[in-house]
Amino acid sequence: SPVIVWFRRDLRLSDQAALAAAAAAGPVIPVYILDDETPRHRAMGGASRWWLHHSLASLDASLREKGSRLILRKGASADVLAQLAEETGASEVHALHHYEPWWRNAEKAVDKALTLHLHHGNYLAPPGAVTTGSGNPYKIYTPFWRALRERMPPPEPQPRPHTIKAPESWPESDALEDWGLLPGKPDWAGGMRDFWEPGEGGADKRLRAFAEVASRYEGQRNLPGEEGTSFLSPHLHFGEISPAKVWHATSSAGGSVATFLGEIGWRDYAQNVIVQYPEYGSRSAKDGFDQFGWRSGKQAEEDLAAWQQGRTGYPIVDAGMRQLWHTGWMHNRVRMIAASFLIKHLLIDWRCGEEWFWDTLVDADYGSNAVNWQWTAGSGVDSNMFVRIMAPLTQSEKFDAASYIREWVPELADLPAGEIHDPSPVCRPKGYPAKLVEHKAGRERALGAWDKFKAST
Ligand code: FAD
């Protein structure tokens, strides 16, 4: 009887242990379920839905090259899989492990209805498996990475299965176009189409291009005006490429590639955190932090909207927020600056920023997003970062963001070098806003709120 492969954020044929196991067992029914029901509060954001559409189309095309195809169904995963099993006579389901709380719940439900085989392969090591000497999970990145590093390299990536046997007859599938994953009008995805090629082929291209420059990562990665990072994050998030493949393609590059591998380690670390704290995306880990003296009310709402639209009066922040809106991605250094600005200068709850990123990033990832927001806020398990308030103007100069600002904030493009990071009121073009808050005043307000918080806990 046929075997079901339940694809989720693992939309690839190569180094896909669930597909490999199913292909070895018999005829395969590959299925993707749009499960808008299980997550409820965590439905996929707009940018992710755009990516998903193209990634599914690409996966289907790759399967068809092998005489197979992707079956699309909508609904709660366990119900859909049980129904599909009944229609096809399949009784076994193969899938890769995922660690978002809603996926873990869905797995439990599937396992009750059918025989579910879960395989590893979306992380360098199974989250939860790297523990301290006394067997406890790590809370802090540095010792976690040291311990994970000891277990490396990961297993060699496996090629795509040679053959994927088709069942005698194919069950019905929804049409991808009917799922409405793409934007209607206005079509905001033009910038994304220009910049990205979702799917396994696009991921391999990015990997090949990055492998050429991986040795220079350390010197380049903090410069938003350079293409010095891998741009693999959405491909890794949707599982179009395995981290083991990335590791083996880059680790011998020499130079500062170890720093890059450490970033792949951050991705593992984030999963390790959400395994311990499933609600990390919506709740501060530090006691009392959700009652921090965040601003609220009309003015705070307007400031949040200005931040979202890239109209804060800080060119580096605005460039980042506009890059995000156009391409679904933002440079990591600028993500840190923009997040710190929202939380500290504007004194707005980190969860508002997390939500905006969730909706607009093509790499929006429950674990990585929450871990980085909580790290910046100092609300998480790992840091006391609240009092480390980044100065956006100093950062902008230090990391040479002039060309980046010129690209993303075109109304500032003609400003001279001395004005581009911090346009003076005389030079500031009409239509570009004044600063929402001066750095010094914002900093003092944030530190005052921190003192109050400390006194109350
Ligand atoms: P590279 O520098 O080439 O790094 C290689 C890979 O390592 C990335 O593709 C990514 O998978 C992983 N990685 C790198 N940095 C981090 C990190 N700090 N945390 C976790 N993984 C990392 N990354 C996401 O994938 N999804 C998110 O939702 C996300 N939200 C973020 C929110 C904030 C506030 C901040 C400060 C960072 C966030 N990041 C997130 C981390 C990081 O900014 C992106 O992973 C990175 O910019 C992606 O670009 P790249 O692929 O060129 O990265």
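The largest cavity here has a volume of about 280 Å³. This is a predicted model, where local features need pLDDT of at least 70, side-chain atom pairs count only at pLDDT 80 or more, and totals for chains, interfaces and linings use all residues. Residues are numbered from 1 along each chain as its sequence is written, and side-chain values use heavy atoms, with hydrogens and water left out.

On terms: a cavity is a set of points, on a 1 Å grid over the protein atoms alone, where a 1.4 Å probe fits but cannot get out, and lining residues have an atom within 4 Å of a point. Points are joined across faces, edges and corners, and volume is the space filled by probe spheres set on them. The count is two cavities of 30 Å³ or more.

Back to the largest one. It is lined by 21 residues, and the closest to its centre are Tyr32, Arg42, Met44, Trp102 and Trp103. Strand E2 (28-34), helix H2 (46-65) and helix H4 (101-113) each give two or more residues to that lining; helices (H or I, at least four residues) and strands (E, at least two) are DSSP runs, numbered from the N terminus. E2 has the largest share, three residues.

Now the second largest cavity, at about 40 Å³. Its lining is Met336, Ser340, Lys344, Trp375, Thr376, Met385, Arg388 and Met390. Helix H14 (332-345) and helix H16 (366-377) are the elements giving two or more residues, and H14 gives the most, three.

Note on methods. 1 Å grid on protein atoms, 1.4 Å probe; cavity = no way out; pocket = protein on both sides within 12 Å on 5 of 7 lines; lining within 4 Å.
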